[in-house]
Amino acid sequence: MVEQLLSSPLGEVRLRCWPHRRNERLQAWDGADRYLLEQVVAQQSARPWLVFNDSQGALAVSLSRAGQAALSCTDDWLAYAAVNANASDNGLAAPDWAWLDELPARLAQQAVGGVLFKVPRQVPLLEAQLAVLCQCLPPGMPVWLAGLDKHLPRHLREVLDTWLTQVQTLPGRFKAHGFSAVTGGAGPADADSRLAAVVDWPEQGWQLHNRAGVFAWQQVDIGARLLLQALPDSGGDVADLGCGSGVLGMAMLAQHADARVWFCDSSRQAILSAGDNVARCLPAAGSRVQFHQGNGLDELQQRFDHILLNPPFHRGAAVDTAVGKMLIRHAARHLRPDGSLRLVVNRHLDYRGALSRAFARREIIASNDKFVVWCCRP
Ligand SMILES: C[S@@+](CC[C@H](N)C(=O)[O-])C[C@H]1O[C@@H](n2cnc3c(N)ncnc32)[C@H](O)[C@@H]1O
């Protein structure tokens, strides 16, 4: 059983990873959370803290426990759900929340006292978040950052020096390092190309514009490329489950004039990128698309003729097929009786058990040295 009681100078809170799983192996906080919680005590603020990338609520829920307010921002709907669930489990109100694209408007109305920043592993997402600080906060606002040593990006210090000022590397603790800085950096001259990737896709004659933090943001993923060769030969109602930049659903829209596609992802940047890409590359398809940010197909009543899935196989930093297996179960529940799931997976990861429990009929319809594509039917 993993430890659930997080003790910090702000008090004790009970935290569980969300979605809840039997025999959970992951603890809901890490050394970087503990590092930042120590800094908060040293730097009490009367105004709310702006908190980035708090994946399960270690920061925002602990602040709330100590009577300090937080405005929380991450890219992931699962983090949003986790923070709310853990606040509620501790008898506390849900912390205030804004997605990154909403933050400029929110910060124009609401003053914050300082910034607590868990450094994300993807540098583009980090830079997109720092860009908002650079644009929207007054100079001189304190910013405290921390990340686990094993996850810190290699050129982190250079990146921080570009967007912030007075950056100092702090001593290591809890297998993490911290940095203190203040807002007021100028940002890089090439900011636009660092915050969005333009990807040519000559096979389709399209140019994708992907926001920072989206999976495979500078290319069409090689697993997705194999699945693109094995798409269904009819349209109907289609879910692009874990859509990322939207490549799979967009190909269905282009190939089948009767296809209606639900682009589904837990990442806000992914959903916004898929929306931008459909509008830019398939402007006439606007009436055939829907967008759903959430956990898989939860909250959707819709049944589908086809579901396309290139599943995530990490949770945080760890290789973990649990999310992929959960999405396979979602697919089985949301298919029409004559529908099909097309799934591309790495050869070395074993989904056979999950597929055979969820689907009566399964066959491999494409493969190469790295990936296989399954077609599964109820
Ligand atoms: C391997 S990427 C595939 C992206 C895209 N379909 C492609 O083929 O390039 C997996 C996607 O699943 C999303 N994802 C991860 N967990 C999810 C969840 N619980 N619900 C919905 N989407 C999720 C990730 O944000 C990511 O965009």
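Arg-21 and Glu-24 form a salt bridge, with their closest N and O atoms 3.5 Å apart. A salt bridge here is a side-chain nitrogen of Lys or Arg within 4 Å of a carboxyl oxygen of Asp or Glu. The model is predicted: local features need pLDDT of at least 70, side-chain atom pairs count only at pLDDT 80 or more, and totals for chains, interfaces and linings use all residues. Residues are numbered from 1 along each chain as its sequence is written, and side-chain values use heavy atoms, with hydrogens and water left out.

- The structure holds 17 salt bridges.
- Side chains of opposite charge can pair when their charged atoms come close.
- Arg-21 is partly exposed, at 29% relative accessible area, whereas Glu-24 is buried at 16%. Buried means under 20%, exposed over 50%, and partly exposed in between (1.4 Å probe, protein chains only).
- Arg-21 also forms a salt bridge with Asp-320, and here the closest N and O atoms are 3.4 Å apart.
- Asp-320 sits in the loop between strand S17 (318-319) and helix H11 (322-334), and Arg-21 in the loop between strand S2 (11-14) and helix H1 (31-42), so the pair ties together parts 299 residues apart in sequence. Helices (H or I, at least four residues) and strands (E, at least two) are DSSP runs, numbered from the N terminus.
- Asp-320 is buried, with a relative accessible area of 7%.

**Salt bridges around Arg-336**

- Arg-336 and Asp-237 meet through their side chains in a salt bridge of 3.0 Å, N to O.
- This pair links distant parts of the chain: Arg-336 is in strand S18 (residues 335-346) and Asp-237 in strand S12 (residues 237-241), 99 residues apart.
- Arg-336 is partly exposed at 26%, while Asp-237 is buried at 6%.
- A network of salt bridges links Asp-237, Arg-260, Asp-305 and Arg-336.

**The ligand**

- The ligand is surrounded by 21 residues. A residue counts as near if one of its heavy atoms lies within 4 Å.
- The closest are Gly-242, Asp-265, Asn-295, Gly-296 and Asn-310.
- Asp-265 has a side-chain N or O atom 2.6 Å from an oxygen atom of the ligand.
- Gly-296 places a backbone N or O atom 2.8 Å from a ligand nitrogen atom.
- Asn-310 has a polar side-chain atom 2.8 Å from a ligand oxygen atom.

**The second largest pocket**

- This pocket holds about 320 Å³ of space. On a 1 Å grid over the protein atoms alone, a pocket is an open set of points with protein on both sides within 12 Å along at least five of seven lines; a cavity is a set where a 1.4 Å probe fits but cannot get out; lining residues have an atom within 4 Å of a point.
- Its lining has 14 residues, and Arg-21, Ala-322, Lys-325, Met-326 and Arg-329 lie nearest the centre.
- H11 and helix H12 (352-358) each give two or more residues to this lining. The largest share, 5 residues, comes from H11.
- By class, the lining has 7 nonpolar, 1 polar and 6 charged residues.

**The cavity**

- There is 1 cavity of 30 Å³ or more. The largest cavity holds about 40 Å³ of space.
- Its lining residues include Thr-74, Trp-99, Leu-125 and Arg-268.
- Helix H5 (123-136) and helix H10 (268-281) each supply at least two lining residues.

Note on methods:
Points joined across faces, edges and corners; volume = space filled by probe spheres on them. Polar contact = N/O pair within 3.5 Å; in protein donor to acceptor, adjacent residues only side chain to side chain. Nonpolar A, V, L, I, M, F, W, Y, C, P; charged D, E, K, R; others polar.
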